[in-house]
Amino acid sequence: MRFLALALMLAASPALADWSETLAEARGQTVYFNAWGGDQRTNDFIAWVGAQTEEQFGVKVTQVKLSDTAEAVARVQAEKAAGQKTGGAVDLIWINGPNFLAMKEAGLLHGPFVADLPNARYLDLSEGAPAATDFTVPVEGMEAPWRLAKFVFAHDAARVEPPARMADFPVWAAAHPGRLTHPNPANFMGATFLKQALAELAPDPAALAAPVTDAGYAAQTAPLWAWYDALRPNLWRAGQAFPENESVQAQLLADGEVDIAMFFDPAAPAALIAQGVLPESVRVFTPEGGTIGNVSFVAIPFNAANRAGAEVVANFLLDPATQAHMQDVNVLGSYSVLDPSMLDDAARAAFAALPSAPALPTLEQLGPTLPEPHPSWMTRLTADWAKRYTP
Amino acid sequence: MIWLRALVAMLIGAPVLVGVGLTLAAAWGADWTKVLALPGLWGGLRLTLITGIGATVLSLALSVPLGLWIMGRPWAARWLAPMLAVPHAALAIGLAFLIAPSGWFGRALAQVLGWAVPPAWPLPGDPYGAALVLGLVLKELPFLLLMTLASASQVDVTGQMAVGRSLGYAPGRVWARVIWPQLYPGLRLPVFIVLAYGLSVVDMALILGPSHPPTLAVQILRLYTAPEMRQAEASVLAIGLVAMTAALAGIWWLAERACTAFGLMALRRGRRGIARRWPGSVVMAAQGGLFVAAMAVLALWSVTGIWRFPDLWPEGLSLALWARGDWIAVALRSLWLGLASVSLALTLAVAVLEGEHRAGRPLRLGAIIVAPLLLPQIGFLQGLTTGFLWLGLPAGPLAVIWAEVLFVFPYVLLSLGGPWRALDPDQLRAAASLGAGPWRQLWRVRLPLLARPIAAAAAVGFAVSVAQYLAVLLPGAGRVATLTTEAVALASGADRRVAAVYGLAQAVLPLLAFALALALPAYGRGGSGGRAP
């Protein structure tokens, strides 16, 4: 028995030793966290994370505010093309879906590293679990989860009743011409709007989990384009212009230029109301069949200059205290990625004590979560949309 | 002076050449069928031509009558410098807050017409680019007016006007057909700068231009930053934009010839014209009024609590966003980047001008100096960033400073060159006769005498530096956040108040520099030295 215990210790200690080495190496580093910068609350949260990691581990965080995650991917690609194997400009990227697949396939990522993070013990990383799958692509330890995303709509309840299903959107738009729009599908939120409609309208939704084929694409998307052609003429600016991203659309809702906005964060409307951006009459709604959901991850490029610091930040993001702070609607309101069954009582109590708000939906109101289609569908869908509808 | 020419060639000329060269090299292997099949390519091309040429022609056309109007009104001319100092991005954000359906104009109309929801007018971002043209004209018209005034100081305007009028010509005719054509050679370079800028502007096009499809320059930036390897396609379009700019400059030059011939014909016909009241004050009031209103609405949004449509004023004012202070670090970064690039550019400009003076002849730098201004920025900045990487200069503040100097140096040199060359040589001769060597003459006589023009040139350079967008974004690899990059990014965020804070800070910084330039030398000993051009 003693031998077994010793063997276990020997097997276990390298990871722990590694982590203390990582902590030592990370001290004094500044992590360039490349994250979409269009959301002030997320920016504030990242600033808070940096203050905490600096205090606790001596790791500073500088957010590189991207207008599109693809910018950071392109940068790492450019560095690889220029032969820069170390000292890269990007240390940590908020990433998921097609960008992750692109980086993973091109060998641009450091890892697997998730299992080395001490806080990974709070995650359900079993095969097919949401925290281990990114848009149907297995994560394989190459990116660490940090927040849950679920697609929701928001409407101004003082002005309109929302449509009940995606199929009802064209009728609703005909009754409210010019009052509905969606972000440009070149942006992930616009693409998600199309995917959300596809998930409801496709003849065989199960086909979306596999990589796209020509025949499958034509068959599954035909009802979607018919639906969209009926919807488009009654969109904002007659479907000739689209907001750049969800934030611009939220501003349109705040200004009363449209009646509906969409978010990948069910708490976003409540938080925007608290900030005085959205009117207090805004409420969340989801179509009857449920909405698409996914997990947001952070990944570390293969040539990151501050890899150890990046791992420390990724680990800190998974700390139950961090996750509970993040889920607070007054902070970020993003749902935690941790598996509640793996938390201790103190952590569970912290989550239970979080405040509520009128515009904050309950989990029941949010309805079922639909899986993301394979990334190849999104790429194909957005390219096809651009070809069909760009003048 | 060979070393001086080599230095300028290396610091200013080589980066442009390397940038274009590497862009060209990246374009070499591109798949042309893929490029030509890009969605929105032709729409974007049409839009680029409309906005680029439209803004240039409109600015120039307005600058002709307005130039005459403003010559007799020095109080109005004083408004030009501050309008020049406000960066494009800040003006664009403010203008968007004015003209959007829920903007100030829409709200004012809603008060009268009783609208409960904003009207459905497609501004900003209208498919024809009208909002973008308006924004460009508001920035370029003061520039062309200032250049007209500078050019007019070389010509005896009063005398020619008196002769023309005594022959019975209306003042507008004398100005447009006799005097202005003499000023035009001094305006040609500014016009080409305006044309190249209008064809390739990115920050203003992101805020005021349409997005579906956007202008070519914005499409190129999007391709450069796309996740799939699309550098080659982007480079093809970037080179295409450079070629298009060159072709349009050629066409412009031909059009000049045609206008000259036509003008001479009209002159020979000898029609006197009638003295019409040109509504200069209306145009100038619109120009200045839109500027002031755009800045005012920026200021108001930056201190707004809640401001719902159709209210004309916010429900409550709050300094909370300013008090958060996150803008301070960014403003300080813009400040020191500006100070660094202006110091370098100023040193180089003084070296060039002093070298020219000692050699007794021009250095024949010509195209090297203005090349960065005459080429579309997106045509060489991405290539230059690659070049910097090869040089071992990583993306970051140093690369940004070098890239900024490319644009700061020409403006500093052009604005300092006139007063420098116009300095009374007797003063230097007097110093020499007292035994002062060339260095002592420079330090003790010329620089103190030119303190005011030097301060003015530094302020111009600083404004150019603060306004840079692509020159920060690309060589900085997105890691260098300035007021401009933050303001442009936040302009597509949910919270208009935050965008207003950064936009206003971006506008105030160069205005402060101009105010300092006006105030400081007055206390120095050389306050009255140096003739303005």
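Predicted model: local features only at pLDDT ≥ 70, side-chain atom pairs only at ≥ 80, totals over all residues.
Good morning. The largest nonpolar core holds 284 residues, and those with the most contacts inside it are A:V298, A:V313, B:I93 and B:I220. Helix α19 of chain B gives this core its largest share, 16 residues.

As a general point, nonpolar side chains in soluble globular proteins tend to be buried together. Let us take one of the core residues named above, A:V313. What does A:V313 contact, once its neighbours within four places in sequence are left aside? The partners are A:V31, A:F33, A:V49, A:T53, A:V59, A:V61 and A:L92.

I turn now to chain A and its domains. The assignment gives domain 1 as residues 2–147 together with 295–358, and domain 2 as residues 152–293 together with 367–389. The centres of these two domains of chain A, taken over C-alpha atoms, are separated by 29 Å. Across the boundary, 14 residues of domain 1 of chain A are in contact with 15 residues of domain 2 of chain A. The domain 1 side of that contact in chain A comprises 6 nonpolar, 6 polar and 2 charged residues.

Next, helix α11 of chain A, which spans residues 320–327. Which of its residues are buried? They are A:T322, A:Q323, A:A324, A:M326 and A:Q327. These buried residues of α11(A) pack against α2 (40–57), β6 (143–150), α10 (307–317) and α12 (345–352) of chain A.

The axes of α11(A) and α12(A) lie 9 Å apart, and the two helices pack at an angle of about 10 degrees. Angles under 35 degrees count as roughly parallel, and α11(A) and α12(A) are therefore roughly parallel to each other. From α11(A), the residues A:P320, A:A321, A:A324 and A:Q327 meet A:A347, A:A350 and A:F351 of α12(A). By class, this contact between α11(A) and α12(A) has 6 nonpolar residues, 1 polar residue and no charged residues.

Chain B is next. Its domain 1 is made of residues 1–29 and 321–533, and its domain 2 of residues 31–318. The centres of the two domains of chain B, again over C-alpha atoms, are 23 Å apart. The contact between them takes 39 residues from domain 1 of chain B and 42 residues from domain 2 of chain B. On the domain 1 side, at least two residues each come from α1 (2–28), α15 (320–324), α17 (367–374), α22, α24 (483–490) and α25 of chain B. Which of these elements gives the most to that side? It is α25(B), with 12 residues. The residues of the domain 1 side in chain B divide into 29 nonpolar, 8 polar and 2 charged.

Helix α25 of chain B (residues 496–519) also packs with helix α22 of chain B (residues 451–467): their axes come within 8 Å and cross at roughly 175 degrees. Are the two helices roughly parallel or roughly antiparallel? Angles over 145 degrees count as roughly antiparallel, and α22(B) and α25(B) are therefore roughly antiparallel to each other. On the α22(B) side the contact is made by B:A455, B:A456, B:A458, B:A459, B:F462, B:A463 and B:V466. On the α25(B) side it is made by B:Q506, B:L509, B:P510, B:A513, B:F514 and B:A517. This contact of α22(B) with α25(B) has 12 nonpolar residues, 1 polar residue and no charged residues.

We return to helix α19 of chain B, residues 397–422, where B:I401 is found. B:I401 counts as buried because it has 25 C-beta neighbours inside 10 Å, the threshold being 20 or more. Not counting residues up to four places away in sequence, B:I401 touches B:L337, B:A340 and B:S341. B:I401 and B:V342 are 59 residues apart in sequence, and their C-alpha atoms are 9.3 Å apart in space.

B:S415 is also found in helix α19 of chain B. B:S415 counts as buried because it has 22 C-beta neighbours inside 10 Å. With residues up to four places away not counted, B:S415 touches B:A456, B:A457 and B:V460. One of these, B:A456, was named in the contact of α22(B) with α25(B).

Finally, the two chains together. In the model, 40 residues of chain B are in contact with 44 residues of chain A. On the chain B side, the elements giving two or more residues are α18 (381–391) and α25 of chain B. α18(B) gives the most, with 3 residues. By class, this side of chain B has 23 nonpolar, 12 polar and 5 charged residues.

Thank you for your attention.

Conventions: Residues numbered from 1 in each chain as written. Chains lettered and ligands numbered in written order. Axes fitted to C-alpha atoms, helices over the stretch in contact; angles between N-to-C directions. Helix = DSSP H or I, 4+ residues; strand = E, 2+ residues; numbered from the N terminus. Parallel < 35°, antiparallel > 145°, perpendicular 65-115°, else oblique. Contact = placed C-beta atoms within 7 Å. Nonpolar A, V, L, I, M, F, W, Y, C, P; charged D, E, K, R; others polar. Domains from an automatic or database assignment. Buried ≥ 20, exposed ≤ 12 C-beta atoms within 10 Å, placed from the backbone. Core = buried A, V, L, I, M, F, W, Y, C linked by C-beta atoms within 7 Å.
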